[in-house]
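Student: Hi! I'm new to this one and would like a friendly tour. Could you walk me through it?

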Amino acid sequence: MEIISAMPGALAQGLIWGIMAIGLYITYKILDFADLTVDGSLCTGAAVCAVLIAAGANPWLAILAAFFAGAIAGLITGLLHTLLGIPAILSGILTQLMLWSINLKILGKANLSLNPRVMNLAVSMLETWKTVAVVAAVLAALIAVLYWFFGTEIGSSIRATGSNPEMCRSQGINTELNKVIALMLSNAIVALSGAFLAQYQGFADINMGRGAIVIGLAAVIVGLAVFSKAGKNFAVRLIGVVVGSIIYYVVYQTVIGLGLDKDLLKLFSALVVAVFLAVPHWKNKFASVKKTEKKSEDGNA
């Protein structure tokens, strides 16, 4: 019974983290860029949103400000990589380290509370179904905008940059600029998720982004595995990523309800990601073995 009662909350959190997973999908799958900035930019979005709401700002304006703050974080990573020639993974780590200090300065302390009973919030843990409706509407709009954007000339060039940067450069495409734009868009969306998460949880904390990349990767991998038969339709893939996030949080809440030691939850998350990362590899390996065996049988015949 306790597990069932926790499902609406799991759905709400799954949708909020689904926004973050879409941001991660842009760098991880489209750009083929291992961006670790997200652990910091999620907190940046939460911090900016929480501080503005605490100061009396409209929650939607605070969410918009968080979106642009995330874009600036992505810009820093992009410039470290393109202008200074720092490898992708190190660029993200450096920005993540910078953001820890920046986020602490934005918050002014390690933790800032948002009381839904006295503050005007767009979403709240006290109104779970309202949160589900609001975030689902935001996700629908986000997926529609991204579907349109990646069908434009610049969006298509970003996708091409991730697929084959050498060919893009030979065609005169500015791959460096495309990387920066994609990183800005990705981290802006991640910060958007952080803004909703801070309001839903009722606080922004300096450590709230820690391990976010594991959750995001789990959502992306689980979602794409579940929707593997849906083809390459971009909108369907984005929906799959959101569904993957919901599945992750439903399983997460189920595991908690079954009494698993909470100290092992990070280990559980990492194992889920490892399993789903290994599935495509073993699937391809099995297909290759079967193909070899079939050729051998045809040759003997």
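Predicted model: local features only at pLDDT ≥ 70, side-chain atom pairs only at ≥ 80, totals over all residues.

Tutor: Happy to; we'll go through the core, some aromatic rings, a few helices and some single residues.

Student: Good to know. Which residues touch the most other members of the largest nonpolar core?

Tutor: Those are Ile 19, Ile 22, Leu 146, Phe 150 and Phe 196, in a core of 75 residues. Helices H2 (7–31), H3 (38–54), H4 (59–82), H6 (128–149), H9 (175–201), H10 (212–226) and H11 (234–257) each give two or more residues to this core.

Student: And which one gives the most?

Tutor: That would be H2, with 14 residues. As a general background note, nonpolar side chains tend to be buried together in soluble globular proteins.

Student: Let's pick Phe 150. What is it in contact with, leaving aside neighbours within four places in sequence?

Tutor: Phe 150 is in contact with Ile 26, Ile 30, Gly 155, Ser 156, Ile 158, Arg 159, Leu 185 and Phe 234.

Student: Onto rings, then. How many aromatic pairs are there?

Tutor: The count comes to 7. In one of them, the ring centres of Phe 149 and Phe 150 are 5.1 Å apart with the planes at 80°, so this pair is edge-to-face. Both Phe 149 and Phe 150 are buried.

Student: Which residues form one aromatic cluster with them?

Tutor: The cluster is made up of Tyr 25, Phe 149, Phe 150 and Phe 234. There is also a charged neighbour: Arg 159 lies over the face of Phe 234, at 5.1 Å from the ring centre.

Student: Nice. Changing topic: how many residues does helix H5 have?

Tutor: H5 spans residues 88–107, which makes 20 residues. From first C-alpha to last, H5 reaches 28 Å, close to the 28 Å expected at 1.5 Å a residue.

Student: Which of the H5 residues are buried, and what do they pack against?

Tutor: The buried ones in H5 are Ser 91, Gly 92, Thr 95, Leu 99, Asn 103 and Leu 107. They pack against H3, H4, strand E1 (111–113) and strand E2 (203–205). Just after H5 comes Gly 108, with a positive phi of about 80°.

Student: You mentioned H3. Is it mostly covered or mostly exposed?

Tutor: Mostly covered, since 14 of the 17 residues in H3 are buried. The end C-alpha atoms of H3 are 24 Å apart, which agrees with the 24 Å that its 17 residues should span. After H3 comes Gly 56, whose phi is positive, near 100°.

Student: Which residue other than glycine has a positive phi?

Tutor: Asp 32 is one, with phi near 60°. In general, most residues other than glycine have a negative phi. Asp 32 lies in the loop between H2 and H3 and is exposed, with a relative accessible area of 60%.

Student: What about Glu 153, buried or exposed?

Tutor: Glu 153, found in helix H7, counts as exposed because its relative accessibility is 74%, and the cut-off for exposed is over 50%.

Student: And Gln 199, buried or exposed?

Tutor: Gln 199, in helix H9, is buried, at 1% relative accessible area. Leaving aside neighbours within four places in sequence, Gln 199 is in contact with Cys 49, Ile 53, Pro 59, Ile 63, Leu 114, Leu 121, Ala 122, Val 123 and Ser 124.

Student: Last one: what lies 2.7 Å from a polar atom of the Thr 82 side chain?

Tutor: That is the backbone oxygen of Gly 78. Thr 82 lies in helix H4 and is buried, with a relative accessible area of 16%. Beyond its neighbours within four places in sequence, Thr 82 is in contact with Glu 176, Lys 179 and Val 180.

Conventions. Residues numbered from 1 in each chain as written. Heavy atoms only, no water. Core = buried A, V, L, I, M, F, W, Y, C linked by side-chain atoms within 4.5 Å. Buried < 20%, exposed > 50% of the residue type's maximum accessible area, 1.4 Å probe, protein only. Helix = DSSP H or I, 4+ residues; strand = E, 2+ residues; numbered from the N terminus. Contact = heavy atoms within 4.5 Å. Polar contact = N/O pair within 3.5 Å; in protein donor to acceptor, adjacent residues only side chain to side chain. Expected span 1.5 Å × (residues − 1). Phe/Tyr/Trp six-rings, centres within 6.5 Å; stacked < 30°, edge-to-face > 60°. Lys NZ or Arg CZ within 6 Å of the ring centre and 35° of its normal.
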